[in-house]
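Open your viewer and get ready to click along. We will go stop by stop, and at each one you will hear what to select and what is there.

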Amino acid sequence: ASEWSNRAKHHRSIVAAVDIPAGARIGRAMLITKAPGTGIPPGRLPEVVGRTARVAIAADTTLTDELLA
């Protein structure tokens, strides 16, 4: 398997724990971490908290920079 697919399987990403409305300020309680590691890594959690949702983000969505303002 490629290094990328191994990373994705064995690493985690920041995921929405709840539905986050567009324009909402993101709080720590709105977020969890889950495998696979295809989104923003947990090490960037302090950077994500306090940012704004650019669009509505459904619960269980893996966060990417494109979803955040």
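Helices (H or I, at least four residues) and strands (E, at least two) are DSSP runs, numbered from the N terminus. The chain has two helices and two strands, and from the N terminus on they come in the order α-β-β-α.

Some housekeeping before you click: this is a predicted model, in which local features need pLDDT of at least 70 and side-chain atom pairs count only at pLDDT 80 or more, while totals for chains, interfaces and linings use all residues. Residues are numbered from 1 along each chain as its sequence is written, and side-chain values use heavy atoms, with hydrogens and water left out.

**Stop 1: the whole chain**

Select everything and show the surface. Accessible areas come from the Shrake-Rupley method with a 1.4 Å probe, and for residues only the protein chains shown count as cover. The chain exposes about 4000 Å², and carbon and sulfur atoms supply 57% of that area. A residue is called buried under 20% relative accessible area, exposed over 50%, and partly exposed in between (1.4 Å probe, protein chains only). Of the 69 residues in the chain, 28% are buried.

Now think about contacts, meaning heavy atoms within 4.5 Å. Among the contacts with a separation of 6 or more, 59% are between residues 24 or more positions apart.

**Stop 2: the two strands**

Select residues 13-16, which form strand E1, and show their side chains. Ser13 and Val15 point one way, Ile14 and Ala16 point the other way, and all of them are buried. In a regular strand the side chains alternate between the two faces of the sheet.

**Stop 3: serine 13**

Zoom in on serine 13 in strand E1. Is serine 13 buried or exposed? With a relative accessible area of 0%, serine 13 counts as buried. Leaving out residues up to four places away in sequence, serine 13 touches Ile32, Thr33, Lys34, Pro36, Gly37, Thr38, Gly39, Ile40, Pro42 and Thr62.

Next, look for polar contacts: pairs of N or O atoms within 3.5 Å where, within protein, one must be able to donate a hydrogen and the other to accept it, and where residues adjacent in sequence count only if both atoms are side-chain atoms. A polar atom of the serine 13 side chain lies 2.9 Å from the backbone oxygen of proline 36. The backbone nitrogen of glycine 39 is 2.8 Å from a polar atom of that serine 13 side chain.

**Stop 4: proline 36**

Move to proline 36, in the loop between E2 and helix H2 (45-48). Display the peptide bond between alanine 35 and proline 36: it is cis, with omega about 5°.

**Stop 5: arginine 28**

Select arginine 28 in the loop between E1 and E2. Arginine 28 is partly exposed, at 45% relative accessibility. A polar atom of the arginine 28 side chain lies 2.7 Å from the backbone oxygen of leucine 31. Setting aside neighbours within four places in sequence, arginine 28 is in contact with Leu45 and Val49.

**Stop 6**

Select aspartate 60, in the segment after H2. Aspartate 60 has a positive phi of about 75°, although it is not a glycine. Most residues other than glycine have a negative phi, and most peptide bonds are trans.

A salt bridge is a side-chain nitrogen of Lys or Arg within 4 Å of a carboxyl oxygen of Asp or Glu. By this rule the count is five. In one of them, the side chains of aspartate 60 and lysine 34 meet at 2.3 Å, N to O. The two residues are 26 residues apart, linking the segment after H2 with strand E2. Aspartate 60 is partly exposed at 49%, and lysine 34 is partly exposed at 32%.

**Stop 6: a salt-bridge network**

Finish by selecting Arg44, Glu47, Arg51 and Asp65, which are linked in a network of salt bridges. The side chains of arginine 44 and aspartate 65 meet at 2.7 Å, N to O. Aspartate 65 also forms a salt bridge with arginine 51, with the closest N and O atoms 3.5 Å apart.
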